[in-house]
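I opened my notebook to look up a few residues and their partners.

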Amino acid sequence: MNVIILTEGGKNYGFGHVARCSSIYQAFEQFNISPQFIINGDKSVEAILQNFSYTISDWQNLEFNKDDIVIIDSYHASLDFYQKIANTVSLAIYIDDNNRLEYPEGIVVNGTILATTSRNDSLFGSKYIPLRQDFWDANIINIKNEIKTVLITLGGNDLRNLTPKILNLLKSEPFTKKVIIGNSFDNLCEIEKFDDDLIYAPNSKQMLEAMENVDLAISSAGQTLYELARVGVPTIAVGVVDNQINNIKNWQKQGFIEFAGFWNDDDLEENILTKLKSLKEPNLRKIKQINGIRAVDGKGSLRIAKIALNRYYKINSTFREVKKEDCLKIFEIANDEEVRKSSFNTDKIELETHKKWFNKILKSNLTKFLVLEYKSEIIGQLRFDFDEKYPVISISMNKKYRGLGLSKYLLNKGISYVKKNYNQNILIADIKKTNIKSISFFETMGFKKKCEIRDNTALRFIYRG
């Protein structure tokens, strides 16, 4: 499997797409997959991609194959290009804040605040906003009685030359100003005239540290608002491009930002001072903070990666009966530390013991052994034992594929198999009391607790389909 992330970024595009795509890259790494990251842009993206492997290239002429997951985050790619991707690859994912196109088959992701959609295959709303890894477990700032430090962050290139204007506007204010200087700023001479705390080309960790140590932010109204909401920094937002309009309106509805206006509004500076005056009230800043952290928990990119991999493996896996040549693969799953810990017999299994048991199971009429397979790997195994009135289930997953929701898929396949081939609508699952994860899993799947068993150390659950 290849995961390929395509986006654009640089002096002519800005850096928001690159930042959020980098977070999706990091999310796939959590599942031991290193994506190909291809950016249509220029070398100015290097500042925010210091620890990433990427290529700068015009990706619209590249070729793809059936084994690929391709993720596209673009304001410029044509519908024909998207159609080509959808017709070629195993799974296409389209990141789009503005419902720019009628996308072909695939998953559309719109992680903007209060987003809506009419597509059944969409992931929408701020629970899916991709934030960089440092923001996944960020600290929420404390709301102080007084504003002592303000963060000023107006994009990777300060497209509208707003930073020096805002610094001049606030020069008589008694608080410290922390100023984010992007790698593509053309106005450094103007900014460096002010005696303020300048943070040059910060990486993700440095950006988080800056946000965690301020009381208020003045920010452009793009991707940065989601990072500020994650950290709970009350924010005065300024629109710098027209496509931020919906984002601004919905953040206002959410109650997180104070919107001062667009960059070319005649009363922008007056509005900034008015908003600043109102936000000096700590109770209002606390309300803003609560509304922000309610909307963004930082895990959006992990959700996208998990759903993508879940969908991919469902499309490309095979559900089948176990075969003799699966013996060692089942042995590795059975001897995994987590599997042993959740088993009634927690002892490590010897290989010869396993081989004897496995060969016996293959010949038994009282057991049906099934696996979910991707290429040559066993994703998970499912066993039904028929030596009681109703079939007793045993399920375990290859650790490589845990956390992707595939155990639910495997169990549902198994339940359908038993219903069809054995006319069984009632199933049993016996689970150790200490195995909280398995208890929660089977309850989610519709199993109901019936009684305690094994000297009250385990619970029996019944499924009635």
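**Contacts of Thr153**

I started with the neighbours of Thr153. Leaving out residues up to four places away in sequence, Thr153 touches Ile180, Met207, Ile218, Ser219, Ser220 and Thr224. I kept in mind that this is a predicted model.

Next I asked where Thr153 sits. Thr153 belongs to strand E8, which covers residues 149-153. Is Thr153 buried or exposed? Its relative accessibility is 3%. Buried means under 20%, so Thr153 counts as buried.

**Salt bridges**

I then turned to charged side chains. How many salt bridges are there? The count comes to 24. I looked up some of them one by one.

*Lys275 and Glu258.* These two side chains form a salt bridge, with 3.3 Å from N to O. The pair links distant parts of the chain. Lys275 is in helix H8 (residues 268-278), and Glu258 is in strand E13 (residues 257-262). They are 17 residues apart.

I checked how open each partner is. Lys275 has a relative accessible area of 22%, so I noted Lys275 as partly exposed. Glu258 comes out at 14%, so Glu258 is buried.

*Lys288 and Glu258.* Glu258 turned up again in my notes. Its side chain also meets the side chain of Lys288 in a salt bridge, at 2.9 Å from N to O. Why does this pair tie together parts that are apart in sequence? Lys288 lies in helix H9 (residues 282-295) and Glu258 in strand E13, so the pair joins parts that are 30 residues apart in sequence. Lys288 has a relative accessible area of 8%, so Lys288 is buried.

*Glu325 and Lys323.* I looked up one more pair. The side chains of Glu325 and Lys323 meet in a salt bridge of 4.0 Å, N to O. Is Glu325 buried or exposed? Glu325 has 57% relative accessibility. Exposed means over 50%, so Glu325 counts as exposed. Lys323 is partly exposed, with a relative accessible area of 38%.

**Recap**

I wrote down two points to remember. Thr153 is buried, at 3% relative accessibility. Glu258 has a salt bridge with Lys275 and one with Lys288.

How values were computed
Residues numbered from 1 in each chain as written. Predicted model: local features only at pLDDT ≥ 70, side-chain atom pairs only at ≥ 80, totals over all residues. Heavy atoms only, no water. Helix = DSSP H or I, 4+ residues; strand = E, 2+ residues; numbered from the N terminus. Buried < 20%, exposed > 50% of the residue type's maximum accessible area, 1.4 Å probe, protein only. Contact = heavy atoms within 4.5 Å.
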